[in-house]
Amino acid sequence: MNSVLHYDINNESLADLGKQRIDWAAQEMKVLASIREEFAAKRPLAGIRVGCCMHVTTETANLMKTLKAGGASVALCASNPLSTQDDVAASLVKHENIPVFARRGSDTASFYRALNAVLDTRPHVIMDDGADMSSTIHRQRPDLIQEMLGGMEETTTGVIRLRAMAKDGALKFPMIAVNDAKTKHLFDNRYGTGQSSLDGIMRATNFLMAGRKVVVAGYGWCSRGIATRAKGLGADVIVTEVNPLKALEAVMDGFRVKPMLEAAKEGNIFISATGDNKVLDRHHFEVMKDGATLANAGHFDVEINLVALREMSKGDPKEVRPNVQAYELKDGRRIYVIGEGRLVNLAAAEGHPAAVMDMSFAGQALATEYLVEQKGKLGNQVYLLPETVDMRIASYKLHTMGIEIDSLTPEQEHYLNSWQEGT
């Protein structure tokens, strides 16, 4: 596939800077490094074409290098126009000979051209971030399905879409919900999203979080990470929810819980991470304070109803700081939106720290190996990453951190697996 290299990137001259940053991230990704060594020795992906639609970041670059070390041919496009790091794209092309189709700031038409360029390589395995590649294959490129072994999905939003497809009988190849692996969502979603989303907001605004009223929409793993980190910075955090159980968890964790319409009257900063659309909507904007600041930490830019916000404004939004757009409403109030309502941690910052992406991308690499091993044995369903793989990643991570744990004795194993012994 890579004998004649085709690619579409912004600036090839940034390649050496990109390599320097990729190597920096690699120092924090020791689990993936261990897997890369194993892959280089065993070559479990030899002859496999992998098509990836992902955020083009330093961490993703280290995953691409790992897949290639395992023998795979890899092609990559961006899953979000504001998450692409142009220097990383250039380095992957120049130093790794990997076809990359990604330009920071690209429009919707360019996004789908890039996605189809990757699909033109006729991948056996896809690696998706939001299910755009999966849905495009099903809707527009069904000719690819017969050759496919399956794929992986990295996001909560994408897994929701894939499970809906499976329920309707529309899914035509197996997909592994890497997002739902414990070594992914308990760490990447909670600690990664929590830290990096607030990083993006603070970089964009230079706001002091202490004392501010921060409204967090949802209390899934991403949202609870955001709420916890905001609270740790001294913010007064309000959580909104539609799920009674999650709302109760938020209350028990010490947060105020209110309907969004009530929270909208109080909040200074609003952060949505639900995977749904119009979480922040017209009727919320109508009651917000002057200077309310909105950020989206969900995968797609639909959680904030920007169409309604524009209709309520006097004119087009103005860029008042890098990555901050000001909407001046007809009544004189201003509402600020960070990163055009796109994924704030990547639009306004660098995304998750490499140390947490280490586990997520270890899951992606090992899920790829698993799909190849299971060729022809899996149905057209959404599967969890096998627990043995999850535990393997956790063990690797503890080892790289220099942490040892206990093991059960044979007697303890017997006790846990028996029912005869009691009080």
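**View A. The lining of the largest pocket splits into 16 nonpolar, 22 polar and twelve charged residues.** Here Ala, Val, Leu, Ile, Met, Phe, Trp, Tyr, Cys and Pro are counted as nonpolar, Asp, Glu, Lys and Arg as charged, and everything else, Gly included, as polar. You're looking at a predicted model: local features need pLDDT of at least 70 and side-chain atom pairs count only at pLDDT 80 or more, while totals for chains, interfaces and linings use all residues. Numbering runs from 1 along each chain as its sequence is written, and side-chain values use heavy atoms, with hydrogens and water left out. The pocket holds about 1100 Å³ of space. Thr-156, Cys-222, Ala-273, Thr-274 and Gly-275 are the closest to its centre, out of 50 lining residues. For the record, a pocket is an open set of points on a 1 Å grid over the protein atoms alone, where a 1.4 Å probe fits and protein lies on both sides within 12 Å along at least five of seven lines; a lining residue has an atom within 4 Å of a point. The volume is the space filled by probe spheres set on the points, which are joined across faces, edges and corners.

**View B. Helices around the largest pocket.** Two or more lining residues come from each of α3 (58-69), α7 (156-167), α8 (182-205), α9 (221-232), α14 (344-347) and α15 (354-373). The largest share, five residues, belongs to α8. Element names follow DSSP runs, numbered from the N terminus: helices are H or I with at least four residues, strands are E with at least two.

View C. With β13 (residues 318-321), β14 pairs in the antiparallel sense over three bridges; strands count as paired if DSSP finds at least two bridges between them. Look for Glu-319, whose bridge partner in β14 is Gln-325.

**View D. The open sheet has eight strands with parallel pairing.** Read across, the order is β1-β4-β3-β2-β5-β6-β7-β16. The edges are β1 (8-9) and β16 (382-384), each pairing on one side only. Zoom in on β2 (residues 49-54) and β3 (residues 73-78), and you'll find six bridges joining these parallel strands. Met-54 stands opposite Ala-78 in β3.

**View E. Two separate nonpolar cores.** The largest has 54 residues, and Cys-52, Leu-63, Met-64, Leu-67 and Val-100 have the most contacts inside it. Its largest share, eleven residues, comes from α15. The second core has 27 residues, among them Val-239, Ala-273, Tyr-336 and Val-344. A core is a set of buried Ala, Val, Leu, Ile, Met, Phe, Trp, Tyr and Cys residues joined through side-chain atoms within 4.5 Å. Around Leu-63, setting aside neighbours within four places in sequence, the contacts (heavy atoms within 4.5 Å) are Leu-32, Met-54, Met-127, Phe-361, Gln-364 and Ala-365.

**View F. Leu-371 in helix α15.** Leu-371 is buried, with a relative accessible area of 1%. Gly-151 is 220 residues away from Leu-371 in sequence, but the C-alpha to C-alpha distance is 7.6 Å. Besides neighbours within four places in sequence, Leu-371 is in contact with Val-125, Leu-149, Gly-150, Gly-151, Met-152, Ile-176 and Leu-378.

**View G. Two loop residues with positive phi.** Most residues other than glycine have a negative phi. Ala-131 has a phi near 70° and sits in the loop between β5 (125-128) and α6 (132-140). Asn-206, with phi near 60°, belongs to the loop between α8 and β8 (213-217). Ala-131 is buried at 2% relative accessibility, whereas Asn-206 is exposed at 63% relative accessible area.

Notes. Buried means under 20% relative accessible area, exposed over 50%, partly exposed in between (1.4 Å probe, protein chains only).
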